[in-house]
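Dear colleague,

Please find below the structure that I promised to hand over. My notes on it follow directly after, and I would be glad if you read them alongside the coordinates.

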Amino acid sequence: MSRKYTLTFLILSGLFISLSAFGKDAGTGERTYGAGVEEIESVSISDIAADPEAFDGKTVRVEGMVTDVCSKRGCWIEMAGNAPGEKARFKVKDGEMVFPMSAKGKSAVAQGKVVAQKLSLEETRELEAHYAEEAGREFDPESITEGKTVFRIQGTGAVISD
Amino acid sequence: MGWRKTFRVLHRDIGYFIAALTLAYCISGIAVNHIEDWNPNYRFSQKEVDIGPLPGGTYLQMQQYVVSALNIDASMVKGHFMETETQFRVFLENTEEVIVDIRSGKGLYKQVENRALLYKINALHLNNIKGVWTWVADAFAVLLIFLTITGVFIMSGKKGLSGRGKWFLAAGFTVPLVFSWYIIA
């Protein structure tokens with residue numbers, strides 16, 4: 001009885017360990033988050049930034065270097081466009097995908113729905129101040145002189161590679 | 001062997017088995033409960049740098065200047081980005097980063113470190129890694145439920161459920177019930 005019982009526990013332990021080990025990253029230098037991305041043509045972040053309302057509600061795939069990551073919950077990344085300061089925020093539901101800070105500087109391909117929103121000057125400053133605080137950056141409200149239409153990509157999946 | 005003895009034996013041995021993960025989840029629970037006050041996953045540090053005005057040219061040339069001025073191994077560089085018209089960022093391995101003003105050359109060398117133990121156990125607790133760990137965590141939760149149920153019935157007599165146990169059990173129910181009734185709209 002005692003030997004069988006010990007054996008059962010050892011098997012249980014082995015099962016836990018092997019299940020845990022099975023989930024380990026294969027070390028390909030590439031990691032998929034959420035549903036990943038489809039094989040569709042990527043849209044330039046600069047194109048979306050130039051006219052967010054034209055893309056509002058559309059599902060897009062974008063590519064760019066990760067410039068910032070939500071440091072507390074890992075619930076968003078920002079991806080670089082081509083022009084200075086041009087970025088797309090890729091937002092996911094808390095816990096659905098969790099991006100590590102080590103993603104900064106890596107290449108990302110991400111897919112999701114564009115959400116465009118027209119903001120007043122006050123709202124734009126508040127939003128930028130919030131973004132800067134989350135990213136741990138300095139922010140000068142006076143650097144924003146007019147309200148703008150902002151956009152984010154409500155994410156369904158991403159692939160980040162070294 | 002009677003059912004109570006079986007419960008006692010299983011409760012004891014499963015208790016040993018899940019002690020480590022229970023502790024890990026509890027420690028992580030406390031850590032992430034206070035996420036508004038601190039960062040439970042990362043530790044941040046930064047130091048000021050002053051490398052002089054960056055030479056004109058391409059962004060790649062500016063990146064090379066920053067790397068050279070700060071004696072950074074070129075293989076550490078992951079990429080660069082113009083944050084604003086004047087703020088230039090160079091991303092490095094190990095979640096390090098340099099951000100400098102291209103006109104003055106003044107800026108910051110930023111480092112982010114994972115909190116050694118907490119980063120790992122938070123990832124397990126919050127199931128950041130998904131995949132197979134979801135099933136491991138489910139199995140762990142089932143064992144915890146089993147442990148709770150057997151714990152309630154393990155003792156008999158005055159110290160058991162029919163004795164003072166029922167009052168402790170009721171008190172334990174009261175805490176979440178009161179909070180959920182009065183606090184959660």
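**Notes on the model**

Asn94(B) counts as exposed, with a relative accessibility of 53% (exposed means over 50% relative accessible area, buried under 20%, and partly exposed in between, with a 1.4 Å probe and protein chains only). Residues are numbered from 1 along each chain as its sequence is written, while chains are lettered from A and ligands numbered from 1 in the order in which they are written. This is a predicted model, in which local features need pLDDT of at least 70, side-chain atom pairs count only at pLDDT 80 or more, and totals for chains, interfaces and linings use all residues, and side-chain values use heavy atoms, with hydrogens and water left out.

Asn94(B) also has a positive phi of about 60° although it is not a glycine, and it sits in the loop between strand E3 (87-92) and strand E4 (96-101) of chain B; helices (H or I, at least four residues) and strands (E, at least two) are DSSP runs, numbered from the N terminus. Asn127(B) likewise has a positive phi, near 50°, and lies in the loop between helix H3 (116-125) and helix H4 (132-153) of chain B, but Asn127(B) counts as buried at 16% relative accessibility.

Where does helix H1 of chain B bend? H1(B) bends by about 50° at Ile18(B), the bend being the angle between axes fitted to the seven residues ending there and the seven starting there. Helix H1 (residues 3-33) of chain B spans only 38 Å between its end C-alpha atoms, whereas a straight helix of 31 residues would span 45 Å at 1.5 Å a residue (the expected span is 1.5 Å times one less than the number of residues). Ile18(B) is itself buried, as are other residues of H1(B), including Leu21(B), Tyr25(B) and Val32(B).

In chain A, which has four helices and six strands, the order along the sequence is α-β-α-α-β-β-β-β-α-β. Buried residues make up 41% of its 162 residues.

How many disulfides are there over all chains? The count comes to zero, a disulfide being a pair of cysteine sulfur atoms within 2.5 Å. The sulfur of Cys70(A) has its closest cysteine sulfur in Cys75(A), at 3.7 Å, which is too far for a bond. Cys70(A) is buried, with a relative accessible area of 7%, and Cys75(A) is buried with 6%.
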